[in-house]
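Work through the exercises below with the structure in view, and try each task before reading its solution.

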Amino acid sequence: MIRIPLTSRMAWQALQEHATESSSVHLRDLFRADASRGERMSLQALGFYFDYSKQRVTSETMSLLLQLAEDCGLRGRIVAMFRGDKINITENRAVLHTALRAPRTARVEVDGRDVVADVHAVLDRMAAFAEQVRSGAWRGYTGRPIRTVVNIGIGGSDLGPVMAYEALRAYAVRDIQFRYVSNVDGTDMAEALRDLDAAETLFIVSSKTFTTQETMTNAHTARSWLLDHLNHDAAIARHFVAVSTNAAAVSQFGIDVANMFGFWDWVGGRYSMDSAIGLSTMIAIGPENFRDMLAGFHEMDEHFRLAPFAKNLPVLMGLLSIWNTNFLGAETLAVLPYDQYLKRLPAYLQQLTMESNGKSVTLGGTRVSYETSPIYWGEPGTNGQHSFYQLIHQGTRLISCDFIGFKRSLNPLGEHHTLLMSNLFAQAEALAFGKTSDEVAAEGTAEWLVPHRTFEGNRPSNMLLAEQLTPAVLGKLVALYEHIVFVQGAIWDIGSFDQWGVELGKVLAKRIAAELNAADEPAPSHDSSTNALIRWFRA
């Protein structure tokens, strides 16, 4: 298969020329020239109101970006993913997180097998178990109900569940508390266990292979803690369940394999929060709300699969990120949710986006000659305004922003929500239009102070709004960003579904761990810096 380099494509070159020609155009000029721009450059779909009028684009820009998507075969790549083709070429795997939220009536084949029935079999087992824990029917070794659930995982086995729990806390049971442990730093586990009653604690160990170093280190520490308190190996089966595919290792740990919930190699860790990895989420919010979240995921999947590109939320947002990254030079993207429940969303999106598209070679193995994934980061609401917005408004770096907000609060207290939303809309306006030196001077500002109070503006942003944060809306929101990642990867011609970049550090860490503990062994054979660090630790 002959691959045309991205930068050799006519649409890419046309965008480069267009970016040069429009570099001096300010958003103030664009809005002044088009009184209906705010309405024209917006889209309503799936309950979202998406406003991209404050992006530094024109109708010509959007036309060229859509042409780029066509030239890069985006439609065919979407079809291939949903069809179950092995588009993860370096691991020879299908990429079918979309099957995790397919309805029972759907049919999705992997290697000739319909996997939808398997997915729903696991979901049904999860639901039955979750109801047992929530109702108090599931009892610990001493006969007491569960009052704390501790999820032990790392990466996608942690970031997704903890983000979803925080996002949907308003829907969660309040008589069970949920804690999440991921860091191999003993402090993380020590603080999680410090005030717990072992007789009322359930651990969920999430590791596909049941060999992940950080997860299993934490799991064995939790196991030892439990046995110290309950004094019998039989207690393990009542206080531990597993999300894994390694039945032998799970059984050896002491977990009843009847309480092992599986998933599949066509689900990447960062795409797995709606699989059995979400067991803690289902216990927290209940099976019905979990299914509503899955329905939201599926609704966005179908929108992405079927909607015309010009009216397709993930396609538009993916293309706009490419415009900002590759043609305007924005190196980072700030995700700014104006809802405290979404406080962990930026951290979740960091893994989803940067582990997926933080690549420097194409699918064909050649070095890219353009930037790939921007750095994703952010904080919720007005917290960020009193932290890093100064840099976004007046700093030297161009930072694009995704603002996220809701019409109705889940906790309507006085004027809080009105003030929150006024700040949301004001920040987007200020970033776009700024404040000229003439406007500052007209306020009577001293001449020497004018430069300090001038805002350049012309900072690009998206505004994504919904009625209220519900399980279904969260599902749509996460699926939206999953598919944005797909669009970016398809355009950049990179593999979004492997993560070889995390492997080398893991291999070296295992080797160094043995050397740190072998104080009487000869000096380790690393570089002089690493050798010195190992000697310092040994001493």
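**Exercise 1.** Find which residue of β2 stands opposite S42.

*Solution.* In this model, S42 stands opposite D51 in β2. Next, look at the strands themselves, where strands (E, at least two residues) and helices (H or I, at least four residues) are DSSP runs numbered from the N terminus. β1 and β2 (residues 48-51) pair in the antiparallel sense over 4 bridges, and pairing requires that DSSP finds at least two bridges between two strands. The model is predicted, so that local features need pLDDT of at least 70 and side-chain atom pairs count only at pLDDT 80 or more, while totals for chains, interfaces and linings use all residues. Residues are numbered from 1 along each chain as its sequence is written, and side-chain values use heavy atoms, with hydrogens and water left out.

**Exercise 2.** Decide whether S461 is buried or exposed, and list what S461 touches.

*Solution.* First, locate S461 in strand β13. S461 is buried, because its relative accessible area is 2% and buried means under 20% (exposed is over 50%, partly exposed in between; 1.4 Å probe, protein chains only). Finally, taking contact as heavy atoms within 4.5 Å, and not counting residues up to four places away in sequence, S461 touches D51, K54, Q55, C401, F403 and A428.
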